[in-house]
Amino acid sequence: MNLKYSDFLQARDMAAFVATYPPLEQVTTVKGQTVNFQAVLEIPNYLETEPWEVSLWYSRGDSITQKDWTEAVFVVSDVKESPVSLHWPDNSDLSRLYFSLALPCDDSSSLNFTVKFRQSSDHSWRWVRDEQGLADGLIIHEKPAHGNERRADLHLPDIIRNMNPDLKWKSCMSQCPGTELWSIEVPVDGVNDDKSTFVHVPLGVPWGQFVRWFALIRDWSPWLAPRHGKSSLKLDQDALLCSFLSAQGKHLVFLGVSSPSDVTTLFRSDQSGKLTAHIRNDSTEQRTGTVLVAVGDNFESANAAVMYHARSLAAASASTTAPEQEAEAQPLADDVKTQWYERWYDGLGYCTWNSLGQKLTDSKILNALDVLAENKINISTLIIDDNWQDIDYSGPTQFQHGLNTFEAEPNTFPKGLRSSISEIRSKHKNIQSIAVWHALLGYWGGISPTGPLAKQYKTIELNREDNDAERRNLPLGGKITVIAQEDISNFYNDYYRFLSSCGIDAVKTDAQFMVDTWTSAYARSHLTRAYLDAWTVASLRHFSNRAISCMSQVPQIMFSSQLPRNRTPLLCRNSDDFFPDSPGSHPWHVWTNAHNALLTQHLNVIPDWDMFQSTSSLSASAKYASFHAAARAISGGPIYITDVPGCHDIELIKQLTGVSPRGRDKSVIFRPSNIGKTVDPYASYDDLSLLKVGAYHGRAATGTPILGVFNISNRHLVELIPVGEKYFSGVLDGAWYVVRSHVSGKVFGPVRVGNGDGGDQLLTVGLGVAGWDILTAFPVGVFERPGKENGELYVSNLGLLGKMTGAAAILGSKHTLQANGRVFVDVVVKALGTLGRFFPLFFGFMFYY
């Protein structure tokens with residue numbers, strides 16, 4: 001193919017990327033009469049001196065009622081007012097130019113906008129929609145809040161167009177300030193002939209029309225996953241939670257309430273785009289399906305309103321074993337010690353699942369632990385995953401196999417479980433907790449009908465439906481033998497007593513969704529709660545709640561076992577599995593966890609984003625190793641690796657862990673005290689935008705906001721991110737902060753947070769495919785020193801350097817101004833390392849560590 005030189009020059013000059021704040025393709029809520037736009041143009045160095053032009057095209061009104069389009073021209077930004085880059089593009093041949101525009105706006109209408117740019121007046125205009133695939137941005141002017149007073153004039157039919165007139169609804173007292181709350185109750189007849197009763201009820205159109213929606217759907221029976229859309233609702237699976245953003249910037253959240261023994265309430269959409277309720281009753285009596293609805297000025301408030309009320313409903317229908325659970329949990333509360341704040345999941349863990357394969361043996365485990373020790377990787381928790389058990393190998397796959405005995409597989413663990421665990425503990429004293437995997441019903445196929453356990457405990461045979469399983473190529477349907485209701489408690493007590501006697505002190509209880517596959521309404525109604533209660537009591541009694549709940553994002557499980565706060569939180573898997581050999585799954589895995597956390601933040605759990613590998617033999621997956629590591633660091637949950645023995649990225653692991661002051665063979669991780677979650681629930685996976693995960697560490701007002709940014713797309717992306725409350729949750733208006741990039745190590749500040757009307761300092765973030773960074777906004781202490789040459793002194797604690805979430809290493813920090821003008825710094829940290837300090841010599845960028 002022959003290419004003309006003129007064509008070459010044109011192709012070369014096309015290499016330009018534009019990003020704006022407010023961002024294109026997203027919805028931004030602003031205050032005031034002026035919208036302050038900023039634009040960054042990323043271009044090749046050799047074009048930096050060209051007279052580039054950037055222009056805004058905008059239209060009043062929302063996407064449905066928009067008017068004629070108007071042009072406004074950006075001007076080149078003053079250097080002092082330009083956004084700050086804490087790290088430059090991966091390609092050193094690129095430069096960044098900045099432009100600004102103050103656009104007066106009528107705060108009674110919304111604003112659609114897009115951008116065009118050109119190299120000079122001699123060149124043609126180029127539209128970002130055509131060149132970058134970025135859709136229009138939408139700006140909504142925030143209306144004044146009504147404060148914390150309830151609005152007696154606001155009724156549910158006012159905000160749900162064509163609301164079903166047959167629905168019974170009532171206003172409820174919201175526990176979240178600034179929100180209104182209602183409940184909708186739908187009667188459902190009892191079961192007939194052991195078959196569940198289903199009711200499908202239209203609700204209406206939220207807001208009459210909306211600009212964005214977000215939902216958490218049941219991707220398949222064990223797991224939730226996010227879905228997004230714009231002005232039309234289309235749910236491909238049943239949803240547990242839905243939220244709708246109005247053209248006025250209000251948020252309307254719907255939550256279906258479920259119980260473990262009777263009713264499951266979910267959402268669907270019909271062909272006309274209406275929201276509908278899909279309710280299942282497993283009881284022989286008539287029951288009521290409940291939908292909670294809340295409206296608020298922001299998603300978090302409306303979301304909290306429905307979740308808080310759901311917790312109250314769950315407490316009102318507490319399990320009959322609640323007193324027993326509380327009795328088992330009380331010793332844990334009484335055992336609080338002031339010596340050291342640490343839980344069993346605060347150290348680095350190692351899981352055998354992806355690392356050692358499904359043909360697990362005791363020798364493979366010991367060898368893997370030896371290799372970890374040789375590489376000076378000190379784990380504190382070992383998780384012995386599936387395939388250690390004594391099962392019957394009956395049926396074509398493991399999903400039909402049943403549990404024979406409590407013991408380990410005699411051929412692969414010939415010395416028995418107790419001897420294997422004893423050898424592990426004697427050789428690797430750094431390991432403090434050892435957990436073993438088991439399914440809630442025993443194994444994937446329950447209990448072997450011909451094995452010793454079936455002779456010791458009463459069993460029953462049930463049928464499993466396999467609709468979801470077929471989609472995942474998991475043959476889960478057919479008959480299954482399980483422990484009968486009257487023996488479930490005995491089974492769990494005996495099982496966990498045996499494990500404890502072998503040196504096991506934690507469990508990973510998987511396949512909990514199996515209770516949702518039973519076709520018998522009686523079994524669903526009676527056995528589900530019996531299994532959940534027996535497991536909860538036994539894990540408290542024998543393992544002090546050291547348990548990981550897995551494949552349990554089932555509505556009736558979440559509302560009964562995970563929502564009440566009558567015990568200490570347990571670890572709970574937050575999404576579908578980590579798949580090391582599937583490159584396309586890596587960004588989706590992190591994306592899903594960040595969105596599922598919007599719901600699981602309100603459960604009595606520590607979200608577990610699953611294991612990962614610090615390196616991979618597949619080059620396409622290897623580039624996501626640090627991507628996963630950063631996600632685990634900001635998640636607020638446990639961190640455990642599943643490395644193939646000898647395949648380790650030591651430097652990456654060091655960024656996640658530190659050496660405990662209690663011993664150099666003990667590692668600790670740095671979990672933010674408030675879990676990580678997406679800061680923009682309405683941004684779609686297909687949008688060309690960075691995933692932004694916000695967390696927080698420390699006390700309110702004095703703690704440290706943390707923002708993880710992840711490029712989930714298949715192309716280089718650039719964004720402008722303000723240092724404000726939307727992205728750095730927990731910052732205070734008028735307070736001073738310094739922002740540090742983990743990837744580059746650069747620090748910017750001190751910067752004062754504005755009032756959210758466009759005055760916040762902007763950061764330029766550019767990431768390549770699988771790129772990521774963790775930005776931490778450290779609070780700054782400002783001390784007045786009369787008589788000193790530099791009267792004001794700015795001081796900040798930057799946490800442990802070289803750690804992704806080094807701010808979470810801080811257990812306490814105090815600055816005190818002495819009489820001589822010096823500042824005394826008192827810091828308590830949970831690990832050894834290099835402590836970063838911010839001491840500018842003058843107001844600007846100079847600082848010392």
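## Packing and backbone features of a predicted model

Phe-254 has a relative accessible area of 1% and is therefore buried. This residue belongs to a predicted model. Its ring pairs edge-to-face with that of Phe-267, at 6.2 Å centre to centre and 80 degrees between the planes. Phe-254 is part of strand β19 (residues 251-257) and Phe-267 is part of strand β20 (residues 263-269), so the pair ties together parts 13 residues apart in sequence. Phe-267 is buried too, with a relative accessible area of 0%.

| Aromatic pair | Centre to centre | Angle between planes |
|---|---|---|
| Phe-254 and Phe-267 | 6.2 Å | 80 degrees |

The structure holds 30 aromatic pairs. Ring pairs join Tyr-492 and Tyr-496 into a cluster with Phe-406, Tyr-457, Phe-491, Tyr-495, Phe-498 and Phe-543. Elsewhere, the charged end of Lys-116 sits over the ring of Trp-125, 4.3 Å from the ring centre.

**Chain and cores**

The protein chain has 17 helices and 48 strands. Of its 849 residues, 61% are buried. Among contacts between residues at least 6 apart in sequence, 72% join residues at least 24 apart.

In soluble globular proteins, nonpolar side chains tend to be buried together. Here the largest nonpolar core has 161 residues, and Trp-388, Tyr-492, Leu-499 and Tyr-531 have the most contacts inside it. Helix α12 (residues 521-543) gives the most to this core, with nine residues. Another core, of 34 residues, lies apart from it and includes Met-163, Ala-239, Ile-279 and Val-291. Leaving aside residues up to four places away in sequence, Trp-388 touches several residues, among them Leu-360, Phe-406, Phe-413, Trp-437, Tyr-495 and Leu-499. Glu-407 and Glu-409 are also among the residues that Trp-388 touches.

Helix α14 (residues 585-600) is largely enclosed by the rest of the structure, because 15 of its 16 residues are buried. At 1.5 Å a residue, α14 should span 22 Å, and its end C-alpha atoms are 21 Å apart, which agrees.

**Cysteines**

The count of disulfides is zero. Cys-242 counts as buried at 1% relative accessibility, whereas Cys-647 is partly exposed at 38%.

**Backbone exceptions**

Most residues other than glycine have a negative phi, and most peptide bonds are trans. The bond joining Tyr-21 and Pro-22 is cis, with omega about 0 degrees. Pro-22 lies in the loop between β1 (17-21) and β2 (27-30). The peptide bond from Gly-749 to Pro-750 is likewise cis, with omega near 5 degrees, and Pro-750 is placed in strand β42 (residues 747-752).

Trp-207 has a positive phi, near 65 degrees, and lies in the loop between β15 (197-206) and β16 (212-220). Ser-544 also has a positive phi, of about 50 degrees. Ser-544 is in the loop between α12 and β31 (547-549). With a relative accessible area of 32%, Ser-544 is partly exposed.

Note on methods. Residues numbered from 1 in each chain as written. Predicted model: local features only at pLDDT ≥ 70, side-chain atom pairs only at ≥ 80, totals over all residues. Heavy atoms only, no water. Disulfide = S-S within 2.5 Å. Buried < 20%, exposed > 50% of the residue type's maximum accessible area, 1.4 Å probe, protein only. Helix = DSSP H or I, 4+ residues; strand = E, 2+ residues; numbered from the N terminus. Expected span 1.5 Å × (residues − 1). Core = buried A, V, L, I, M, F, W, Y, C linked by side-chain atoms within 4.5 Å. Contact = heavy atoms within 4.5 Å. Phe/Tyr/Trp six-rings, centres within 6.5 Å; stacked < 30°, edge-to-face > 60°. Lys NZ or Arg CZ within 6 Å of the ring centre and 35° of its normal.
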